[in-house]
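Please open the model in your viewer and keep the selection panel at hand.

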Amino acid sequence: MSARLLLLIAGGPAALLASVAFAVTIGPADISTADVWAAVTAHLGLGKSTLPPLRDGIVWNLRMPRTLLAAVCGAGLALCGAVMQSLLRNPLADPFVLGVSSGASTGAVTVVVLGVGGGAVSLSAGAFTGALVSFGLVLVLSHSLGGSTDRVVLSGVAAMQLFSALTSFIVLTSADADTTRAVLFWLLGSLTGAGWGDVLLCTGVLAAVLVVCLGHARTLDAFAFGEEAAAALGVRVARTRLVLLCATALLTATLVSSAGAIGFVGLVLPHATRALTGSGHARLLPVTALAGAIFLVWVDTAARTVIDPQEVPVGVVTSLIGVPAFVAVLYRGRRKT
């Protein structure tokens, strides 16, 4: 194992913990890392909090769940991007290539704008339902067209366009100005209102999908040589593709339902970490998840503080950072070839 890989494995979790601790201290209220430590240990039953109730609430109920959800979403989106790029053998694949984000957007606006569910269905539940419907449509289309990799991608593009059109139609014909603004803010990616329920749900799904993906790491390595070569090596191509597509779609749907569509994380981070770890997925997947978590923690911190008291949608900041970063990765790859 190389020294660089050892440094990544040892330093990654430490960098993530430090990022979370410092990000929680940043904001209008003057919070120190000692305050963060005191609040966390008290709520975990490891000590008694010395903080006033207001400061304790800012740390534990506002900033900590939001920062942790940012880390989980970053890790999940980066993980899904790495798996999708390898599984579909497409360097431009990202977690939203299956139309999941578009379906989630339609589900969200159906609940918020049209009032489906009569108030009993939350925005997150509507988004999750829409994401699953979109993914189901992609599976049906791709299977009826032969089930090959290119058919999966094309079916995802078709579903993406369909649900994007439905979302635009609903918003333009039924929403007032305030509702349109709120929906647009969510569609661009927002961690506002993150709670511990969101954190626990997304963390549980991320952990399960990470285990599944790591269990298929060697299979993903075989996919790099093409489906025929993978089949010759004993890989059950169709079954493996279905399992991994379902796992990544489930994780993406869960994350999008909690935080909206945050772009470029799943597209750029896998390319950047692949340059550090190589193409072996046993190394690539956990390092990519760590990189995505750290990246989105600091992006969300910038989004909520750079033009304080206003807040920028997280997806806007990831795109502003992701576009030049992706261009840099492309130029680096061109120099190597």
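Select S102, G103, S105, T106, V109 and T110 in α4, then M160, F163, S164, L166, T167, I170 and V171 in α6; these two sets meet, contact being heavy atoms within 4.5 Å. By class, this contact has six nonpolar, seven polar and no charged residues. Here Ala, Val, Leu, Ile, Met, Phe, Trp, Tyr, Cys and Pro count as nonpolar, Asp, Glu, Lys and Arg as charged, and the others, Gly among them, as polar. The model is predicted: local features need pLDDT of at least 70 and side-chain atom pairs count only at pLDDT 80 or more, whereas totals for chains, interfaces and linings use all residues. Residues are numbered from 1 along each chain as its sequence is written, and side-chain values use heavy atoms, with hydrogens and water left out.

Now display the whole of α4 (residues 100-112) and α6 (residues 149-174), whose axes come within 8 Å and cross at roughly 25 degrees. α4 is therefore roughly parallel to α6, and their crossing is left-handed. Helices are DSSP runs (H or I, at least four residues), numbered from the N terminus. Axes are lines fitted to C-alpha atoms over the stretch in contact, and angles run from 0 to 180 degrees between N-to-C directions. Angles under 35 degrees count as roughly parallel and over 145 as roughly antiparallel. A crossing is left-handed if the near helix is turned anticlockwise from the far one by less than a right angle, and right-handed if clockwise.

Next, select α3 and α8 (residues 196-215), which pack at an angle of about 25 degrees with their axes 9 Å apart. This makes α3 roughly parallel to α8. The α3 residues in the contact include W60, M64 and P65, and those of α8 include W196, D198 and V199. By class, the contact of α3 with α8 has 16 nonpolar, two polar and one charged residues.

Move on to α5 (residues 123-144) and α11: the axes lie 8 Å apart, at an angle of about 155 degrees. α5 is therefore roughly antiparallel to α11, and the crossing is right-handed. Among the residues that meet are F128, F135 and L139 in α5 and L242, L245 and C246 in α11. The contact of α5 with α11 has 13 nonpolar, four polar and no charged residues.

Finally, select C73, L77, F96, L255, V256, A259, G260 and I262, the lining of the largest cavity. A cavity is a set of points on a 1 Å grid over the protein atoms alone where a 1.4 Å probe fits but cannot get out, and lining residues have an atom within 4 Å of a point. Its volume is about 30 Å³, taken as the space filled by probe spheres set on the points, which are joined across faces, edges and corners. Which helix gives the largest share of the lining? α11 does, with three residues.

Technical notes: Parallel < 35°, antiparallel > 145°, perpendicular 65-115°, else oblique. 1 Å grid on protein atoms, 1.4 Å probe; cavity = no way out; pocket = protein on both sides within 12 Å on 5 of 7 lines; lining within 4 Å.
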